[in-house]
Amino acid sequence: MANIETLEEKVDRFKEYYLGLIKTAECEQNITNQKVHSKILSCSIFDAISKSIFPEISSNCQQFTALVRLCKNWPESQKVSLLHLVRLLEITPNLPSSTNELKIYATQQFESKFPNSNSIMSNNKAISSDVEIEAILELWPTQNGKPIKIGKVLPHQLKHEYLLWLYRNSVVHEYRNPGRGVELGLYVPEYAFYQEMATVSKIDEKEFKFTSHWELVYPYRFFINLCKEALDVVSLLHNKNKTSPFQAYSEGTFWLPNFNE
């Protein structure tokens, strides 16, 4: 008579399976070509893990960001990207006067935390320099007590958890890293960071001109580490809640899940 697999054994099998996939995502052949292959695999793994613990959530985006919030080693996920906030306020036409304080605050924060070095050399800064969502919500214009859109954007769409979702969409659906940041050199941070980049506009014997700007970078090691933490968190929750990690996945002959019921 075959032994019945215990819940703990199911969780261990679940964890071992995804650790194997993560190992594939970080192998040498998948970290070529700007690490896109590794990030695609990591995002697919993260998607699958999120479905395991949030089967009641139908939105992929909500599943994804909900799991991000469980990863306590990345508290910056709840911060607002100053780079994107400042740009939003730059490009939105006819800003109402209710945004004046927000624009002043965002500009001052960005200029103090992300000054241009006037150097051709690359300069990195961790996203811990960004601001908490609560500070932005205090200044964001509201209607009936709720934030209104600036342009087409709500404040939560500037949080790193949502920007990571946009990054995921870019690598998975478009096979490319968003932005112009690069992962070069012997040492690349394992955490998300901003990278100051220089663009040369003129070079000759008499003159050398360049401008610099900041790019947001999520390096491949960051994706790998986030997947490993997510796997640990979800495995612990399944053991605690006495739930099977495989229950959320459809199994059977038919590709439309309800056909197998």
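A polar contact here is a pair of N or O atoms within 3.5 Å; within protein, one must be able to donate a hydrogen and the other to accept it, and residues adjacent in sequence count only if both atoms are side-chain atoms. By that rule, the side chain of K79 reaches the backbone oxygen of D130 at 3.3 Å, and the backbone oxygen of S128 at 2.7 Å. The model is a predicted one, in which local features need pLDDT of at least 70 and side-chain atom pairs count only at pLDDT 80 or more, while totals for chains, interfaces and linings use all residues. Residues are numbered from 1 along each chain as its sequence is written, and side-chain values use heavy atoms, with hydrogens and water left out.

K79 sits in strand 1 (residues 79-80); helices (H or I, at least four residues) and strands (E, at least two) are DSSP runs numbered from the N terminus. With a relative accessible area of 12%, K79 is buried, where buried means under 20% relative accessible area, exposed over 50%, and partly exposed in between (1.4 Å probe, protein chains only). Contact means heavy atoms within 4.5 Å. Not counting residues up to four places away in sequence, K79 touches I127, S128, D130, V131, E132, L158, K159 and H160.

Zooming out, the chain has eight helices and seven strands, and its C-alpha atoms fill a box of roughly 85 × 55 × 30 Å along the principal axes. Of its 261 residues, 40% count as buried. Among contacts between residues at least 6 apart in sequence, 69% join residues at least 24 apart. The chain exposes about 15,600 Å², with carbon and sulfur atoms supplying 53% of that; accessible areas come from the Shrake-Rupley method with a 1.4 Å probe, and for residues only the protein chains shown count as cover.

Next, the charged pairs. A salt bridge is a side-chain nitrogen of Lys or Arg within 4 Å of a carboxyl oxygen of Asp or Glu, and the count comes to eleven. In one of them, the side chains of R221 and E26 meet at 2.8 Å, N to O. R221 lies in helix 8 and E26 in the loop between helix 1 (7-25) and helix 2 (36-53), so this pair ties together parts that are 195 residues apart in sequence. E26 is partly exposed, at 23% relative accessible area. Another bridge joins E183 and K39, also at 2.8 Å, N to O. Since E183 lies in the loop between helix 7 and strand 6 (193-203) and K39 in helix 2, the pair ties together parts 144 residues apart in sequence. E183 counts as buried at 14% relative accessibility, as does K39 at 1%. E161 and K159 meet in a bridge of 3.7 Å, N to O, and both are buried. Salt bridges that share partners also join E26, R221 and K228 into one network.

R168 belongs to helix 7 (residues 160-174) and is buried, with a relative accessible area of 7%. Leaving aside neighbours within four places in sequence, R168 is in contact with C43, D47, F64 and H173. A polar contact of 3.4 Å joins the side chains of R168 and H173.

As for helix 8, its 22 residues should span 32 Å at 1.5 Å a residue, and its end C-alpha atoms are 32 Å apart, which agrees; the expected span is 1.5 Å times one less than the number of residues. K242 follows helix 8 and has a positive phi, near 60°.
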